[in-house]
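Hi there,

Here is the structure I promised to pass on.

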Amino acid sequence: MTAPTTSPTCSGCGTPHAPCMQPKAATWRFCSQRCCCTTAYRSKKNSPLRSQASRLAADKASSVLKELDWPNEKISNVAHAIEAHSFSANITPITLEAKIVQDADRLDSLGMLGVARTFYVAGRMGSALYDSQDPEALEREYDDTRFCLDHFQTKLLHLADGFQTVTGQRLAHIRHQRLKGFMEQFKEEIGIV
């Protein structure tokens, strides 16, 4: 089964997996299953286990797949794709499927979806929108656990350079431009441009 030519949404996690549109090279079924398995373990953004979340998700998915009698090689491939999808894990994806899953995950952090998720998470964590004394962190270290705006500098504005697939790179460039546009407008409104 080759990848479909449209942009379907994963029935398990609801995420559009545009980078999965790599015809003949990777299967839609494989990529969609791996994307759904990336949520097998969830941790809060400020959890001490956050840096281990992708490994814990891979372990949990591997256990479930063993119970379903999947072959060990496929379980290893799934585990690698799950572990490598995480930005904070800093694992280079080896297989095409792992590259596609990583791109799909990172696309969720870019563009207007990324903006919405960032402010949602910051609100849940009780973070301020920005440091009113030093919004651009000219005289302090960035701290995205305290200031939402800092997360754009510590992570979001650096994501577009790390995409693995041609389709992911193209979509990342578009969303990165939207993210930069948002930042310019936000800074203008708080009086720092």
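**What I found**

The accessible surface of the chain comes to about 11000 Å², with 49% of it belonging to carbon and sulfur atoms. Please keep in mind that this is a predicted model. Of the chain's 193 residues, 42% count as buried.

On the fold: the chain has seven helices and zero strands, so its pattern, taken from the definition of these elements, reads α-α-α-α-α-α-α along the sequence. Among contacts with a separation of 6 or more, 53% are between residues 24 or more positions apart.

Helix 4 may interest you. It covers residues 96–107, and at 1.5 Å a residue its 12 residues should span 16 Å, which agrees with the 16 Å between its end C-alpha atoms. Helix 4 is also mostly covered, with nine of its 12 residues buried. The largest nonpolar core has 16 residues, and L110, F152, A172, L179, F182 and M183 touch the most other members. Helix 6 (148–154) and helix 7 (166–189) each supply at least two residues of this core, and helix 7 gives the most, with six.

Which residues does L179 touch, leaving aside those up to four places away in sequence? They are L110, G111, M112, V115, F152, L156 and L157. Apart from this core lies another one, of eight residues, including A57, A58, A61 and I75.

Best wishes

Terms used. Residues numbered from 1 in each chain as written. Predicted model: local features only at pLDDT ≥ 70, side-chain atom pairs only at ≥ 80, totals over all residues. Heavy atoms only, no water. Helix = DSSP H or I, 4+ residues; strand = E, 2+ residues; numbered from the N terminus. Buried < 20%, exposed > 50% of the residue type's maximum accessible area, 1.4 Å probe, protein only. Contact = heavy atoms within 4.5 Å. Areas by Shrake-Rupley, 256 points an atom, 1.4 Å probe, with all protein chains shown as cover. Expected span 1.5 Å × (residues − 1). Core = buried A, V, L, I, M, F, W, Y, C linked by side-chain atoms within 4.5 Å.
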